[in-house]
Amino acid sequence: MGQINNRFQELYESMHGKMLRVAYRMIGNMETAEDLVQNTFLLALFREDELMRHPIPEGWLMRVLQNFVMNERRRIKRHPEASLDSLLYMTGENLSNSLEEMLPKQLSQSDREILMWRFEQNMDYDEIAERLGISEVGCRSRVSRAVKRCREFLQQA
């Protein structure tokens, strides 16, 4: 088992940089690219036996990464997280105001809070998720829903 772990470590060290560059080129966002590469290696760790039996373990890793990237692209297409700046610009709000002042009054306090953390304080999803005690995926969903509700309220105005 120690030999497999050493081989896994070697694969990680030799492939991580290349996979990060590939993911970044495919997705265009470094934070998301890092998450996708991390998810790839996490899956590889859980399927270590399968990975080590594969004739080209590097190819296995790249295929898994490619699948994660394609899934992320589909997720983005289904739930685009529009920039709040662009939404607020459409309403004619002055972007020099604080975000809290520009958000629709109809938004719940929890939506306002999560949007403030994400877009005004530029917190990462994992930071917000930790603060809320939820998973990062759950956090991404909450932000996406809050942006959607914000968009709906702004369009009604």
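Start by selecting Ser 135, which sits in the loop between α8 (125-132) and α9. The helices are DSSP runs (H or I, at least four residues; strands are E, at least two), numbered from the N terminus. The model is predicted: local features need pLDDT of at least 70, side-chain atom pairs count only at pLDDT 80 or more, and totals for chains, interfaces and linings use all residues. Residues are numbered from 1 along each chain as its sequence is written, and side-chain values use heavy atoms, with hydrogens and water left out.

**Stop 1: around Ser 135**

Is Ser 135 buried, exposed or partly exposed? Its relative accessible area is 45%, so Ser 135 is partly exposed. The cut-offs are under 20% for buried and over 50% for exposed, with partly exposed in between (1.4 Å probe, protein chains only). Now show the side chain of Ser 135, which reaches the backbone nitrogen of Gly 138 at 2.9 Å. Then select Tyr 125 as well: Ser 135 and Tyr 125 are ten residues apart along the chain, and their C-alpha atoms are separated by 9.1 Å.

**Stop 2: Arg 140 and the cysteines**

Move on to helix α9 (residues 136-156), where Arg 140 lies. Arg 140 counts as buried because its relative accessibility is 14%. Which residues does Arg 140 touch, not counting residues up to four places away in sequence? They are Thr 32, Asp 35, Glu 72, Arg 75 and Tyr 125. A contact here means heavy atoms within 4.5 Å.

Next, select Cys 139 and Cys 150. Cys 139 is buried, with a relative accessible area of 0%, and Cys 150 is buried with a relative accessible area of 0% too. How many disulfides does the whole structure hold? The search finds zero, a disulfide being a pair of cysteine sulfur atoms within 2.5 Å.

**Stop 3: helix α2**

Select residues 30-46, the 17 residues of helix α2. Its end C-alpha atoms are 24 Å apart, which agrees with the 24 Å that it should span at 1.5 Å a residue. The expected span is 1.5 Å times one less than the number of residues. At the start of α2, look at Asn 29: one of its side-chain oxygens reaches to within 3.0 Å of the backbone nitrogen of Glu 31.

**Stop 4**

At 17% relative accessibility, Leu 20 counts as buried. Leaving out residues up to four places away in sequence, Leu 20 touches Met 30, Ala 33, Glu 34 and Val 37. Between Leu 20 and Ala 33 the C-alpha distance is 6.1 Å, although they are 13 residues apart in sequence.

Now find the aromatic rings. How many aromatic pairs does the whole structure have? There are two. Rings of Phe, Tyr and Trp (its six-membered ring) pair if their centres lie within 6.5 Å; planes under 30 degrees apart are stacked, over 60 edge-to-face and the rest tilted. Phe 8 and Phe 41 form an edge-to-face pair, 6.3 Å centre to centre with 85 degrees between the planes. Phe 8 lies in helix α1 (residues 2-27) and Phe 41 in helix α2, so this pair ties together parts 33 residues apart in sequence. Both Phe 8 and Phe 41 are buried.

Tyr 12 and Phe 41 are also edge-to-face, because their ring centres are 4.7 Å apart and their planes stand at 70 degrees. Since Tyr 12 lies in helix α1 and Phe 41 in helix α2, this pair ties together parts 29 residues apart in sequence. Tyr 12 is partly exposed at 34% relative accessible area, whereas Phe 41 is buried at 6%. Phe 8, Tyr 12 and Phe 41 form one aromatic cluster.

**Stop 5: helix α4**

Select residues 57-78, helix α4. Its 22 residues reach 32 Å from the first C-alpha to the last, close to the 32 Å expected.

**Last stop: the whole protein**

Zoom out. The protein has nine helices and zero strands. Of its 157 residues, 33% are buried. Among contacts with a separation of 6 or more, 57% join residues 24 or more positions apart.

Conventions:
A polar contact is a pair of N or O atoms within 3.5 Å; within protein, one must be able to donate a hydrogen and the other to accept it, and residues adjacent in sequence count only if both atoms are side-chain atoms.
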